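Here is a short tour of a chain, from its overall build down to one residue. Have the sequence and the 3D view at hand as you read.

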Amino acid sequence: MEIAKTNRINALFEFYEPLLTKKQMEYLAQYYRDDFSLGEIAENYNVSRQAVYDNIKRTEKILEEYESKLHLYADFLKNAAHLDVLIDYIQQRYPHDERLLELAEKLESIEE
């Protein structure tokens, strides 16, 4: 499995998991988070490998559609990048301003 795709699907799954059906959540979690094979998942649910594969592919498409409409993951990445720039600026320009550094750290912990 391609690492970049796995990371993206896992990230999208984190944002949009509550919008999926129980079966979609379970299949995707076992496949991407737990690294189960299609055969293992099929055996767990007494279905065919093809049924699991089709469900996972449909769910991946659904996650991408949610992201194309809602942009939660893209906005998160953009905000994280802006926050990194802000923290770097604060550390360079205001290294002794404890209150400013504390506020920036609070923002950083919210992002996580």
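## Burial and surface

Buried residues account for 27% of the 112 residues in the chain. Keep in mind that this is a predicted model. The chain exposes about 7,800 Å², and 52% of that area comes from carbon and sulfur atoms.

## Overall build

Along the principal axes, the C-alpha atoms fill a box of roughly 60 × 25 × 25 Å. Take the contacts between residues at least 6 apart in sequence: 54% of them join residues at least 24 apart.

## Where H2 meets H4

Helix H2 and helix H4 (residues 49-70) pack with their axes 10 Å apart, at an angle of about 100°. That angle makes H2 roughly perpendicular to H4. By class, their contact has eight nonpolar, three polar and two charged residues.

On the H2 side you will find Lys 23, Gln 24, Tyr 27, Leu 28, Tyr 31 and Tyr 32; these meet Val 52, Asn 55, Ile 56, Thr 59, Glu 60, Ile 62 and Leu 63 in H4.

## A look at Gln 30

Gln 30 sits in helix H2 (residues 22-33). Is Gln 30 buried or exposed? Its relative accessibility is 14%, so Gln 30 counts as buried, the cut-off being under 20%.

Leaving aside neighbours within four places in sequence, Gln 30 is in contact with Asp 35, Phe 36, Ile 41, Asn 44 and Tyr 45.

Key:
Residues numbered from 1 in each chain as written. Predicted model: local features only at pLDDT ≥ 70, side-chain atom pairs only at ≥ 80, totals over all residues. Heavy atoms only, no water. Helix = DSSP H or I, 4+ residues; strand = E, 2+ residues; numbered from the N terminus. Buried < 20%, exposed > 50% of the residue type's maximum accessible area, 1.4 Å probe, protein only. Contact = heavy atoms within 4.5 Å. Axes fitted to C-alpha atoms, helices over the stretch in contact; angles between N-to-C directions. Parallel < 35°, antiparallel > 145°, perpendicular 65-115°, else oblique. Nonpolar A, V, L, I, M, F, W, Y, C, P; charged D, E, K, R; others polar. Areas by Shrake-Rupley, 256 points an atom, 1.4 Å probe, with all protein chains shown as cover.
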